[in-house]
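Me: I would like to learn how to read aromatic contacts in a model. Please give the general idea, then the case at hand.

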Amino acid sequence: MLDEIVISSAIIKSYTAKLLDSLEIDVAIAGAGPSGLVCAYYLGKEGIRVSVFERKLSIGGGIWGGGMGFNEIVVQKTGKEILDEFGIRVKKYKEEYWTADAIEMVSCLGMHTIKSGAKIFNLIEIEDCMIREKKVEGLVLNSSPIKTASLHVDPLTIRAKFVVDATGHDAEVVRSIVKKQGPKLF
């Protein structure tokens, strides 16, 4: 017989344990696009405690759509070497250019990143940076749906020895630091 309370309890306790384990980490990465995932993979593989925080429901950033919604990507030699390490199939297009399926790429990046020991949290937005004595020491986090609904609830913070801004063009972490510290960074 299905017990919905057991299922709810399992979700809440498992997620809470994962989040509690990420309150103090070595590296916090803002953004679970390809750059954030690859960074987390290499760090996790080295035994570094790393967590990735993604504001959207899905990981992968804009890579899902490839070019103009055609879910193919093009890489050159350095990119191909990284894709090869992840086991992502590539096809030679021309000398020094290879194509890969964007969906396969995101799926493989996500799986390998998690298996490396890194944790990925989706639906979490970076609200601010925790700065002490002119050093970034962590992130201030909030639920993306709560922010979208413009609800005023207190955020949570995590401490990290290092913070990586992998938010892409928006550079949200860097903008937060500039907003707090002004254009003269540290």
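Reply: Start with charges and rings: a charge sits over a ring if NZ of Lys or CZ of Arg is within 6 Å of the ring centre and within 35 degrees of the ring normal. This is a predicted model.

Me: Where does the charged end of K18 sit?

Reply: Over the ring of F121, at 5.2 Å from the ring centre. K80 lies over the face of W98, with 5.4 Å to the ring centre.

Me: What describes a pair of aromatic rings?

Reply: The distance of the centres and the angle of the planes describe such a pair. The structure holds four aromatic pairs. In one of them, Y41 and F86, the ring centres are 4.4 Å apart and the planes are at 50°, so the pair is tilted. Planes under 30 degrees apart would count as stacked, and over 60 as edge-to-face.

Me: Why does the pair of Y41 and F86 tie together parts that are apart in sequence?

Reply: Y41 lies in helix 2 (residues 34-45) and F86 in helix 3 (residues 77-86), so the pair joins parts that are 45 residues apart in sequence.

Me: Are Y41 and F86 buried or exposed?

Reply: Both Y41 and F86 are buried.

Me: Which aromatic pair is stacked, with 10° between the planes?

Reply: F53 and F121, at 5.4 Å centre to centre.

Me: Which residues do ring pairs link into a cluster?

Reply: Y15, F53 and F121.

Methods: Residues are numbered from 1 along each chain as its sequence is written. This is a predicted model: local features need pLDDT of at least 70, side-chain atom pairs count only at pLDDT 80 or more; totals for chains, interfaces and linings use all residues. Side-chain values use heavy atoms; hydrogens and water are left out. Rings of Phe, Tyr and Trp (its six-membered ring) pair if their centres lie within 6.5 Å; planes under 30 degrees apart count as stacked, over 60 as edge-to-face and the rest as tilted. Helices (H or I, at least four residues) and strands (E, at least two) are DSSP runs, numbered from the N terminus. Buried means under 20% relative accessible area, exposed over 50%, partly exposed in between (1.4 Å probe, protein chains only).
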